[in-house]
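Dear colleague,

Please find the structure below for your review. My notes on one helix and its surroundings follow it.

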Amino acid sequence: MADLKGKTAVVTGSTSGIGLAIARKMAGAGANVVINGFGEATAIEKERAGIESEFKVKAVYSPADMTKPAEIAGMVALGEKTFGSVDVLVNNAGIQFVSPVEDFPIEKWDAIIAINLSSAFHGIRAAVPGMKKRKWGRIINTASAHSLVASPFKAAYVSAKHGIAGLTKTVALELATYKVTCNCISPGYVWTPLVEKQIPDTMKARNMTKEQVINDVLLEAQPTKEFVTADQVAALALYLCGDDASQITGANLSMDGGWTAA
Ligand code: NAD
């Protein structure tokens, strides 16, 4: 298991779901963490303080909005200023919107491209100089099975996730001789608020009941017929931080119950 004592991990979108599991996993391995994301202030503070007391590390919260490049750079700067370095950057924040392409709201397209794709570019751009200087770093992007295959009604999400797979490869090549790796993890369906929230729109778009959406749309794609857990994704992210993973770079690692094998 990776030992991250003395290192700092910035995890975007870590007030919920997969990001929260990853931030906790990094802290469990000894990293100080910068958590980020939206939510209720007292709930976020409880999470932050909980990480500190449970894992005996330091945790700070950055309220950076992933649609705002200057705030993203500020989040990385906060990590560097507070802890001295940003060694692990996990670009995880993401949103979803489901609609036929001809009705897809333009502002939803712009928001998904900004949060699910451009924010990773801005974070990487800010964190790479320090990683290069110290000759060590791990960049992990939460992509999706939708970085490899498409589903109808998810034009923006599928486009953003295919984009992040390309960004991952490019950054990996640029940093290959600096001991900085860049990979993406592509989960299938993980039971988180992001998945739960898209059920009503999918019910509408496909004229289905909730049970039909879960069984015939979500788990239909997943041969194991089981949801991936956030903790499993976090365990893979932590593995990528270890010495055993030093030669894994530019990879798109599927964790999708066999979805993209079909
Ligand atoms: P989630 O809704 O539980 O969490 C999303 C996080 O992103 C939250 O912390 C939220 O506050 C944050 N966020 C949203 N907009 C933001 C903004 N503008 N600025 C800062 N933070 C913002 O979702 P999740 O399922 O944990 O998704 C996390 C990542 O995993 C996403 O990139 C998603 O596309 C990806 N993913 C999820 C699944 C799944 O089935 N849940 C599958 C594949 C990939």
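Contact here means heavy atoms within 4.5 Å; helices (H or I, at least four residues) and strands (E, at least two) are DSSP runs, numbered from the N terminus. The model is predicted, so local features need pLDDT of at least 70 and side-chain atom pairs count only at pLDDT 80 or more, whereas totals for chains, interfaces and linings use all residues. Residues are numbered from 1 along each chain as its sequence is written, and side-chain values use heavy atoms, with hydrogens and water left out.

The buried residues of α1 pack against β1 (8-11), β2 (32-36), α2 (41-55), β4 (88-91), β5 (137-142) and α8 (230-241). Those buried (under 20% relative accessible area, 1.4 Å probe, protein chains only) are Ile18, Gly19, Ala21, Ile22, Ala23, Met26 and Ala27.

Helix α1 comprises the 12 residues 17-28. At 1.5 Å times one less than its number of residues, α1 should span 16 Å, and its end C-alpha atoms are 17 Å apart, which agrees. After α1 comes Gly30, with a positive phi near 105°.

The axes of α1 and α2 (lines fitted to C-alpha atoms over the stretch in contact, with angles from 0 to 180 degrees between N-to-C directions) lie 9 Å apart at an angle of about 30°. α1 is therefore roughly parallel to α2, a term for angles under 35 degrees. Leu20, Arg24, Ala27 and Gly28 of α1 make the contact with Glu47, Ile51, Glu54 and Phe55 of α2.

Thr15 lies in the loop between β1 and α1; its side chain reaches the backbone oxygen of Phe38 at 2.7 Å.

Yours sincerely

Technical notes: Buried < 20%, exposed > 50% of the residue type's maximum accessible area, 1.4 Å probe, protein only. Polar contact = N/O pair within 3.5 Å; in protein donor to acceptor, adjacent residues only side chain to side chain. Parallel < 35°, antiparallel > 145°, perpendicular 65-115°, else oblique.
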